[in-house]
Amino acid sequence: MILLDRVTKTYDRRGSALLRVSLHVEPKEFVIIVGPSGAGKSTLLKLLTREEKPTSGKIIVGGIDYETLKDRDIPMLRRRIGVVFQDFKLLSNKTVFENVAFALEIASISNKEIRHTVPKVLDIVGLKGKENSYPTELSGGERQRVAIARAVVRQPKILLADEPTGNLDPKHAWDVVGVLEKINRFGTTVLLTTHNQDIVNNLKRRVVTIKDGQITSDKAVGRYKSS
Amino acid sequence: MSLRRHLITFERITRTGVINFVRNTWLAIAAIAMITITLTIVLFLIITNATFTNTIAQITDRIDVSVYLKDEVTEPQKDNLISQLKSIDNVKSVRYISKAEALKIYQQQNRDDIDLLVAISQTDNPLPASLQIKPDDPNRLQTIKDFLEKTEIKKLQSEETSYSGDRKVAIDKITKATRFFRQAGIAGVAVFIVVSMLIIFNTIRMAIFNRREELGIMRLLGATTWYIRGPFVVETVIYGILAAIISVTICNLVFNISASTFEASSLGLLDINYSSQYFAQHFWVIVGLQLLIGVIVGSVSSIIATRRYLKFKSQTGD
């Protein structure tokens with residue numbers, strides 16, 4: 001589903017963010033990427049959404065080779081990948097319903113289908129009854145669940161979650177992780193970056209550790225190593 | 001993508017554009033004012049140009065060459081002269097005015113001067129018969145002149161030929177003035193189009209700056225370039241359409257007022273009557289042209305303004 005082959009990303013000013021990183025993720029897998037801040041986790045996700053281009057190396061996601069991907073095809077690629085951001089990236093002047101519907105509007109989905117799909121997804125993430133609230137009226141955990149609803153409403157094969165629990169207290173963090181696991185059970189490949197030790201140790205999933213732009217360990221059932 | 005999906009997208013883009021237009025009232029007013037000024041100048045340029053062209057055509061039409069014939073010229077001589085004249089390249093028409101006709105015209109022109117009328121009718125008709133030659137091109141009278149200067153033709157003439165020379169000088173002046181106005185107008189239009197485009201750039205950039213977060217999120221969620229750009233283009237096209245309507249309305253008012261104010265209906269060379277007539281006759285063409293220019297100015301500037309904000313990162317470094 002996701003294949004990175006010796007991917008290097010170099011920034012002019014800061015040196016290498018990623019150095020010859022190779023990673024293979026199977027469909028329907030749940031992979032946690034851990035590592036200290038600045039290790040290259042976010043860069044990795046940005047390469048997958050094609051926000052950044054690798055300096056060298058090969059990236060293939062869902063059969064699409066990024067090397068031959070044209071700019072005009074980037075929107076189509078992004079519609080196939082759901083992304084959840086640490087800072088939510090919700091539109092503050094739109095309601096919960098409208099924020100989720102927004103992702104479908106962009107993809108030219110009919111209003112009828114939007115009215116049908118959005119409530120179902122909001123139900124899955126546990127936001128039934130909050131349709132008409134604005135993001136500012138919600139708690140951090142609820143906002144993040146709106147963001148997840150928006151990311152999965154188009155039923156992507158891949159969900160990338162960039163530190164979705166970073167701004168949340170433990171209880172809300174576990175709510176969010178619970179939603180991600182649920183989505184994974186529906187068949188979506190999930191890539192989760194975090195540095196929350198508690199979550200990593202309790203999820204019992206594949207853990208990939210990145211440090212200084214390189215993968216230092218890749219365990220089928222991993223634990224967080226603080227060293 | 002199916003047609004239905006295109007329609008859905010088009011409808012959403014248009015709706016967003018209209019909503020943005022309503023929200024950015026003050027920016028919109030500034031941009032509309034600039035396009036209106038530009039369009040109004042274009043409109044006045046077109047009408048002034050048409051009016052001048054018309055004035056020149058009218059004056060040019062009055063230019064002719066009058067050949068006065070001696071009384072002893074016989075009928076065959078006259079006919080021969082006419083057919084010879086008609087065979088000259090630049091001659092449009094030749095009209096013969098007999099002595100009797102000349103007298104009639106003279107009496108008509110001096111209807112109110114009884115002394116003159118009495119003097120003329122008492123003696124034998126002193127007016128010569130004449131030939132009025134209208135040229136195709138008043139600027140090329142030389143061929144006609146050359147012909148008339150031949151001795152055997154000269155013999156038939158009683159007086160010096162009249163070439164309407166003074167009028168030609170006037171025409172040259174008008175032509176020069178027209179050319180100047182046209183050039184000045186085109187320069188003015190160019191300047192105002194550039195200025196109004198710059199103002200639209202600014203308007204759009206401010207709008208983009210205000211909404212940059214939203215646009216960034218749209219990008220990340222996979223919105224196409226046109227899905228993001230479309231509403232801005234719709235917004236500026238509305239500017240263009242409104243400006244065109246305002247501009248045509250202003251001109252309409254100006255002509256209505258001037259038609260009732262200037263009874264003489266003429267300001268020097270500018271024949272206001274003709275101008276408003278021209279405006280009325282070409283009303284829909286003018287409306288169409290104004291709309292076209294307004295829409296082009298609006299859409300082109302918004303497309304350029306949004307371009308650099310919508311680029312994907314294509315460089316591999318930072």
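Trainee: What does chain B average in pLDDT, and what percentage of the residues score at least 70?

Mentor: The pLDDT is the predictor's confidence in each residue, from 0 to 100, and chain B averages 79, with 89% of the residues scoring at least 70. This is a predicted model, in which local features need pLDDT of at least 70 and side-chain atom pairs count only at pLDDT 80 or more, while totals for chains, interfaces and linings use all residues. Residues are numbered from 1 along each chain as its sequence is written, and chains are lettered from A, and ligands numbered from 1, in the order in which they are written.

Trainee: Where in chain B is confidence lowest, and where is it highest?

Mentor: Helices (H or I, at least four residues) and strands (E, at least two) are DSSP runs, numbered from the N terminus; confidence is lowest in helix 5 (residues 114–122) of chain B, at a mean of 71, and highest in helix 12 of chain B, at 88. Over residues 314–318 of chain B the pLDDT is below 50, and this stretch has 11 contacts in the model beyond near neighbours in sequence, a contact being two residues whose C-beta atoms, placed from the backbone, lie within 7 Å. The model as a whole scores ipTM 0.83 and pTM 0.69.

Trainee: How is the span of a helix read, and what does helix 4 of chain A give?

Mentor: The expected span is 1.5 Å times one less than the number of residues. Helix 4 (residues 111–124) of chain A has 14 residues and should therefore span 20 Å, which agrees with the 20 Å between its end C-alpha atoms. Helix 12 (residues 283–307) of chain B, with 25 residues, reaches 36 Å from its first C-alpha to its last, close to the 36 Å expected.

Trainee: Which residues of helix 4 of chain A are buried, and what covers them?

Mentor: A residue is buried if 20 or more other C-beta atoms, placed from the backbone, lie within 10 Å of its own, exposed if 12 or fewer, and partly exposed in between. In helix 4 of chain A the buried residues are Ile114(A), Val118(A), Val121(A) and Leu122(A), and their cover includes helix 3 (96–106) and helix 5 (140–152) of chain A. Just after helix 4 of chain A, Gly126(A) takes a positive phi of about 80 degrees.

Trainee: Why does Ile2(A) count as buried?

Mentor: Ile2(A), in strand 1 (residues 2–11) of chain A, counts as buried because it has 21 C-beta neighbours inside 10 Å. Leaving aside residues up to four places away in sequence, Ile2(A) touches Leu23(A), Val25(A), Leu48(A), Val61(A) and Ile158(A).

Trainee: In what order do the four strands of the open sheet in chain A stand?

Mentor: Strands of a sheet pair through backbone hydrogen bonds, either parallel or antiparallel. Here two strands pair if DSSP finds at least two bridges between them; the order in chain A is 2-1-4-5, and the pairing is antiparallel. Strand 2 (15–25) and strand 5 (64–65) of chain A each have a single partner strand, so one side of each is left without a neighbour in the sheet. Strands 1 and 2 of chain A are joined by seven bridges, and Leu4(A) stands opposite Leu23(A) in strand 2 of chain A.

Trainee: How many residues does each chain bring to the contact?

Mentor: Chain A brings 25 residues and chain B brings 20 residues. On the side of chain A that touches chain B, helix 2 of chain A gives the most, with five residues.
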